[in-house]
Amino acid sequence: MSSLAAQVILHPKFSQGLAVLATTIGRDKAYRLIQYLSRLIAWSLLRRGDVEAAARWEGLKNGLATARRVMRLFRPAEFLQSAMTLAQKPVTNLRGPAQVAHLAQIGRQLGYAGFFTNDMILWLGQVRFLKLDKVQLERFQRLTFKFWLSGIIFSLISSSASMVKLRADSKRFRLSAEVSRRESSEKGPDERSREEGERRERGRAMLAQRQTLLSQLIIDSCDIWIPATGLGYTNVNDGVLGALGAITSYMSLQTQWRKHAAAGVRKNL
């Protein structure tokens, strides 16, 4: 038994999991996954009439939501800095979808900055550091949902425009690759090999970018229902919202896992 436990604890995957959880964003995504799974389970138990068990999972969900608010206290500054950095870049050099994606990305950063700012004020009111009555708390809750919704909408616009640009870039890349291969007969074998390696590397980079954009589109398409329902724009039950939140949390956690795995590979090279 002790040998099995040692093998599990010392396994590279276990170490990688600890590395992910050692980061603030990794812990946040893990907590979010458990939070939305708790929301789904509480809804399911309540439908079956098991009020006592549902209350336990509801308490876990609320506790994790509070814990996540504490970890995100200073994130508005991060998103404001990103928005200012993007705003300082010249937009006149961009055309069509690239310009739309850039401007929408600024809107996304500002939306999330507003979301985390109001979320912070809401938490300070809930712990009674700020004197906010019930009406004021509800107002800040609605503002939180509105900024979250606007951030997701801008993110969807940015990802969609980036996909359009990437598709056009991919077409140009394929055409240039075909022309280069036709002209490669006049070049030496070493130069042909080098150019082919560069084309493959660029092709892999485009494929990775496409997968990242598709993943973000799926996450935003699922998450948008949470603030929309909180604002009363849609009527989705807690079970569906819990399932959607758990799916997007798992996808985000997978992204962090892959980042740490890639960092580990580079470290070993």
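Modeller: Happy to! A pocket here is an open set of grid points with protein on both sides within 12 Å along at least five of seven lines. Please keep in mind that this is a predicted model.

Let's start with the second largest pocket, which has a volume of about 160 Å³. Its lining is made up of Met163, Leu166, Arg167, Ser170, Arg174, Met206, Leu207 and Arg210. Two helices, H7 (134-183) and H8 (189-223), each contribute at least two residues to that lining. H7 provides the largest share, with five residues.

Helix H5 (residues 75-88) packs against H6 at an angle of about 160°, and the two axes are 8 Å apart. Because of that angle, H5 is roughly antiparallel to H6. Their crossing is left-handed. On the H5 side, the residues in contact include Phe79, Leu80 and Leu86, while H6 brings, among others, Ile106, Leu110, Tyr112 and Phe116. By class, the residues of this contact divide into 11 nonpolar, five polar and two charged. Arg75 of H5 and Arg108 of H6 are among the residues that meet here.

H6 also meets helix H4 (residues 51-71): their axes come within 10 Å and cross at roughly 120°. That angle is why H4 counts as oblique to H6. Here, too, the crossing is left-handed. From H4, Thr66, Arg69 and Val70 take part, and they meet Asp119, Leu122, Trp123 and Gln126 of H6. Sorted by class, this contact has three nonpolar, two polar and two charged residues.

Conventions
Residues numbered from 1 in each chain as written. Predicted model: local features only at pLDDT ≥ 70, side-chain atom pairs only at ≥ 80, totals over all residues. Heavy atoms only, no water. 1 Å grid on protein atoms, 1.4 Å probe; cavity = no way out; pocket = protein on both sides within 12 Å on 5 of 7 lines; lining within 4 Å. Points joined across faces, edges and corners; volume = space filled by probe spheres on them. Helix = DSSP H or I, 4+ residues; strand = E, 2+ residues; numbered from the N terminus. Axes fitted to C-alpha atoms, helices over the stretch in contact; angles between N-to-C directions. Parallel < 35°, antiparallel > 145°, perpendicular 65-115°, else oblique. Left-handed = near helix turned anticlockwise from the far one by under 90°. Contact = heavy atoms within 4.5 Å. Nonpolar A, V, L, I, M, F, W, Y, C, P; charged D, E, K, R; others polar.
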